[in-house]
Amino acid sequence: MFVRISLILLVLSFARTEIIVSLTPSSIDENNVPFVVLGTLSTRATLSSTGAAEVVHEPCLYSFLSYGPDNNLFVLDSNGTLVIPFVADFESRSSYAIAVRSTDALGQNVDANLTITINDVSGVWESIDVVVDGTRAPVVVGTLTVADPNGEEYTWEILPFIDGDLFSMTNTTTTSTQLVLNQDASFDLQPQYNLVVLLLTAAGDYVMDVDVAVLVGRVQLSPSSIAEFNMPNATLALTTAAGFGSGADPHVYSWLSYGPDNDLFVLKSDGTLVIPFVADFESRSSYAIAVRSTDAAGHHVDANLTLAVTPRLDPPSLPVLSANLIADGAVGPVVVGRLNASSVRPV
């Protein structure tokens, strides 16, 4: 009897015609909470004797294959639990491709290429610029846009707390609005503004809160001057401050086309400004450049900067006595002469 049962199990094992690895569920709504479980992997076998799908009962271990295009974006444990650690955005990307391996207790492998689908849902997309320090009011800081697959119409309302009373709206439609800052932008006084905008249906029903942060940015040149007669290829540094916690994001620097003296300098993407010539205060006492600083999210700050050239006082020559002869028999006190010291630029 024992031998007969073993043979039956052996026949069933060889009767498998197809083994399928699947992800359930295989989709997720955009704007998800990061580090949530997206789905679970399972392994099933189709038996040729019945044509029906049957769950393989032996436990399987799961792992990523090296060639999965988007494997590095997800987290997979050996039990088949797949975690999405980021916030999905349908407008940025609607699907992801992963490659996984299922290994049973006998060490047999089944590989699978799977697709994860991002579902499009209603949401508000922010396109908010960094406001340049010193910009005079009113300042259009960006646009809020509704992404709604159902094509509904909406209205907008700025709540009058935090910094909301400093803003207004313009060019408002049923799907978008522009935010306007109604005071001069000053990094020193207020490097960041925070406000809440309500999204309402056309009938005035509440849909969602939209939290908006508006940053004030400033690009600085350090130091902002150089002493004349410098060594060629001397360097200065550009830095960017934008909002609270400035300096956390790397910025990429580039020339703006209208900088009067941009072509006299060399600007590296990390903000290093190279002076390839020898500055001479008598020839020119300042230079004007125009640069753009762009952060990792694509926000940019433009700046017109002035590089001052400071005069360098040359050391005076050794004192020279204008006369050194005294007449014989002269009655003192006697003025012998004058000591003179000279420099290129008199103090």
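**Backbone, cores and rings**

Analyst: Let me start with a proline: proline 223 is found in the loop between β17 (206-222) and β18 (225-227), where strands (E, at least two residues) are DSSP runs numbered from the N terminus. Before we go on, this is a predicted model, so local features need pLDDT of at least 70 and side-chain atom pairs count only at pLDDT 80 or more, while totals for chains, interfaces and linings use all residues. Residues are numbered from 1 along each chain as its sequence is written, and side-chain values use heavy atoms, with hydrogens and water left out.

User: What kind of peptide bond joins serine 222 and proline 223, cis or trans?

Analyst: Cis, with omega about -10°. Threonine 24 to proline 25 is cis too, with omega near -15°, and proline 25 sits in the loop between β1 (16-24) and β2 (27-29). Most peptide bonds are trans.

User: Is asparagine 171 buried or exposed?

Analyst: Exposed, at 55% relative accessibility.

User: OK, packing. Which residues touch the most other members of the largest nonpolar core?

Analyst: Leu144, Leu179, Val197, Val212 and Val214, out of 24 residues in that core. A nonpolar core here is a set of buried Ala, Val, Leu, Ile, Met, Phe, Trp, Tyr and Cys residues joined through side-chain atoms within 4.5 Å. Strands that supply at least two residues each include β10 (123-128), β12 (139-147) and β16 (192-201).

User: What is leucine 179 in contact with?

Analyst: Leaving aside neighbours within four places in sequence, its contacts (heavy atoms within 4.5 Å) include Ile128, Val141, Leu144, Ile158, Met169, Leu195, Val197 and Val212. There's also a second, separate core of 21 residues, with Leu221, Ile289, Leu305 and Val309 among them.

User: Switching to rings. How many aromatic pairs are there?

Analyst: The count is 7. Rings of Phe, Tyr and Trp (its six-membered ring) pair if their centres lie within 6.5 Å; planes under 30 degrees apart are stacked, over 60 edge-to-face, and the rest tilted. Phenylalanine 265 and phenylalanine 277 have ring centres 5.5 Å apart and planes at 65°, so that pair is edge-to-face.

User: How far apart in sequence are the parts that pair ties together?

Analyst: They are 12 residues apart. Phenylalanine 265 lies in the loop between β20 (251-255) and β21 (266-267), and phenylalanine 277 in the loop between β22 (272-275) and β23 (286-295). Phenylalanine 265 is buried, at 6% relative accessible area. Elsewhere, Phe74, Phe86 and Tyr96 form one aromatic cluster.

User: And aspartate 70, buried or exposed?

Analyst: Buried, at 5% relative accessibility. Aspartate 70 lies in the loop between β5 (61-64) and β6 (75-76).

Terms used. Helices (H or I, at least four residues) and strands (E, at least two) are DSSP runs, numbered from the N terminus. Buried means under 20% relative accessible area, exposed over 50%, partly exposed in between (1.4 Å probe, protein chains only).
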